[in-house]
Amino acid sequence: MQSDTARDFFRSIPLLAGLGSAAIADVQAASRPFSAQAGQQLFRQNDKADGMYLISRGQVRVTTRVPGDDVVALVELGSGDILGEFSLLDGGRRSATAEAVEGTTGFFLSLRSFESLRHTAHHCALEVIDRIRIVVAGRARALAAEIASEPVLPGVTTLRAAPALHMNFLRPT
């Protein structure tokens, strides 16, 4: 991806919308291009989280294993979407598996590069963390509202949210 095209792509990502040109340039400089062929896994559930993907072209399916070893499709993400943003917050384990449905390209912001930005007091890192916090909080509130709207059945002691509820939680806002 050429420099001007890459810069335009970074500006088009909703998570980065409103960041100043210098902050976007810092995030872009810290990121590296990635590509995945159809069927290639970007990461697997329970892998050590190593960074965030910014998708410029293609489709990625996100799935998770649930009790009983079933696999549930959570969401499909495409151009302009982000994937793995939690890793920039906690560096924990991947909560789902991500696989390219078709040839997919974009940029990868490694946790290590992001931490380097954060530790050198780059303002953009704090802005990105704040935006991720807002996105995650919005998704959690939407999921809580969906769950609260589910009818309560007498004698049922477990709540099973429909897969669509999980998909909405993962869908970028």
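I began with F43, which stands opposite A98 in β7; strands here are DSSP runs of E of at least two residues and helices are runs of H or I of at least four, numbered from the N terminus. The model is predicted, so I kept in mind that local features need pLDDT of at least 70 and side-chain atom pairs pLDDT 80 or more, while totals for chains, interfaces and linings use all residues. Residues are numbered from 1 along each chain as its sequence is written, and side-chain values use heavy atoms, without hydrogens and water.

I then followed the strand pairing, for which DSSP must find at least two bridges between two strands. β2 is joined to β7 (residues 97-100) by 2 bridges, and the two run antiparallel. They belong to an open sheet of 4 strands, paired antiparallel in the order β2-β7-β4-β5. Because β2 (41-43) and β5 (70-77) each have a single partner strand, one side of each edge strand is left without a neighbour in the sheet.

Next I looked up where α2 meets α5, taking contact as heavy atoms within 4.5 Å. A23, D26 and V27 in α2 meet C124, E127 and V128 in α5.

Last, I looked for nonpolar cores, which are sets of buried Ala, Val, Leu, Ile, Met, Phe, Trp, Tyr and Cys residues joined through side-chain atoms within 4.5 Å, where buried means under 20% relative accessible area with a 1.4 Å probe, protein chains only. The largest has 26 residues, and F10, L16, L54, L88, L109 and V128 touch the most other members. Its largest share, 6 residues, comes from α5. I noted a second, separate core of 17 residues, including V60 and F108.

Terms used:
Buried means under 20% relative accessible area, exposed over 50%, partly exposed in between (1.4 Å probe, protein chains only).
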